[in-house]
Every structure is written in structure tokens, then in C-alpha cells.
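Colleague: I have just opened this entry and would like to learn how to read it, feature by feature. Could you take me through it slowly?

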Amino acid sequence: VSVRAAADGRRGAPVLRRRRREAEQLPLREVHPQRHGKGGMTMQRFSGKVVVVTGAAQGIGRGVALRAAAEGGKVLVVDRADFVAEVAAEAPGGDTAGFVADLETYEGAHAAMAHAVRTFGGIDILINGVGGAIRMRPFAEFE
């Protein structure tokens, strides 16, 4: 329920539906102008930055990695899935790399970060998108 609808004593659902319909009729750059530059071009928020995205083979992590690459980032796409290199190859801009690592281990996490430093010269942004753990145990038992 919107604040205005609640203050007027009206139900919020019709107001929200009307606003959603109105928003669907507008191009994305009019709904969210801060996401686009002049002429609707995608902004380059990650230009010159090295971005490491974990859990990037699918789902939200994949979307974040592809967006960061589209916006000028040098992106290391990290996941334990073997097809992570294919996701990196899909990224626009071409300055991406895939790396297979099991991030539930210290060795896997260390190897991924070391690869980012070797490949791109450092890490500016780390996005931890790994979702869940296969071998669940108390935090104190993780290595």
C-alpha cells in the first residue's frame, strides 16, 4: 500500500497496479534515467575496474558478471561449474576470464583471487554471489 493511498483511506492495490501499467509503457531510460547515459547508452560505471564475481555461472551472479562487463569492467567470473568459461565468453566487451574454483575451501578462494591479480593486476570490486553450501557445518569448522 502506498503512503498516499493509506493516508487517503484508499486501498493501495489499484494505485500500485496503475503505476506499474504506466511504468511498463515507458522506455527503461525514462523509468530509471540514472542507469543510462546520454542517448540511452549504458553507463560505464565499472570502466577501468577489476571485478571478481563468485557464484557467477548462473542466476544472479551470472547477471551481475555480464552487467559489470557490459559497463566496462574487467571481470573474473568464478564458479565451481565447468561451464564458467562459457559465461565469461558471453560477456560483452571481451575483457573477461572464467575460473573454476571450489570457494568452500581456502585453497579454492586463494587460487581465484591470485588468478585475478595475475590476469588483471589486482582486484577493485569483489562480489560474493555464491549461494549456499553443499557441506553445511558450523562456521567454526570451516577452514
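Predicted model: local features only at pLDDT ≥ 70, side-chain atom pairs only at ≥ 80, totals over all residues.

Colleague: Is His-115 buried or exposed, and in which helix does His-115 lie?

Modeller: Buried means under 20% relative accessible area, exposed over 50%, and partly exposed in between, with a 1.4 Å probe and protein chains only. His-115 is buried, at 18%, and lies in helix α6, residues 106-120; helices (H or I, at least four residues) and strands (E, at least two) are DSSP runs, numbered from the N terminus.

Colleague: What is the order of the strands in the sheet?

Modeller: Two strands pair if DSSP finds at least two bridges between them. Here four strands form an open sheet in the order β3-β2-β1-β4, with parallel pairing. β3 and β4 (125-128) stand at the edges with a single partner strand each, so one side of each has no neighbour in the sheet.

Colleague: How many bridges join β2 to β3, and how many join β1 to β4?

Modeller: Five bridges join β2 (residues 74-79) to β3 (residues 96-100), and Val-77 has Gly-98 as its bridge partner in β3. Four bridges join β1 to β4, where Val-53 is partnered by Ile-127 in β4. Helix α6 packs on this sheet, touching β1, β2, β3 and β4.

Colleague: Which residues have the most contacts inside the largest nonpolar core?

Modeller: In soluble globular proteins, nonpolar side chains tend to be buried together. A nonpolar core is a set of buried Ala, Val, Leu, Ile, Met, Phe, Trp, Tyr and Cys residues joined through side-chain atoms within 4.5 Å. The largest has 14 residues, and those with the most contacts inside it are Val-51, Val-53, Ala-56, Ala-65, Ala-68, Val-75 and Val-77. The elements giving two or more residues to this core are β1 (50-54), α4 (59-70), β2 and α5, and α4 provides the largest share, four residues. Apart from this core lies another, of ten residues, among them Val-52, Ala-112, Ala-116 and Phe-120.

Conventions. Residues numbered from 1 in each chain as written. Heavy atoms only, no water. Contact = heavy atoms within 4.5 Å. Axes fitted to C-alpha atoms, helices over the stretch in contact; angles between N-to-C directions.
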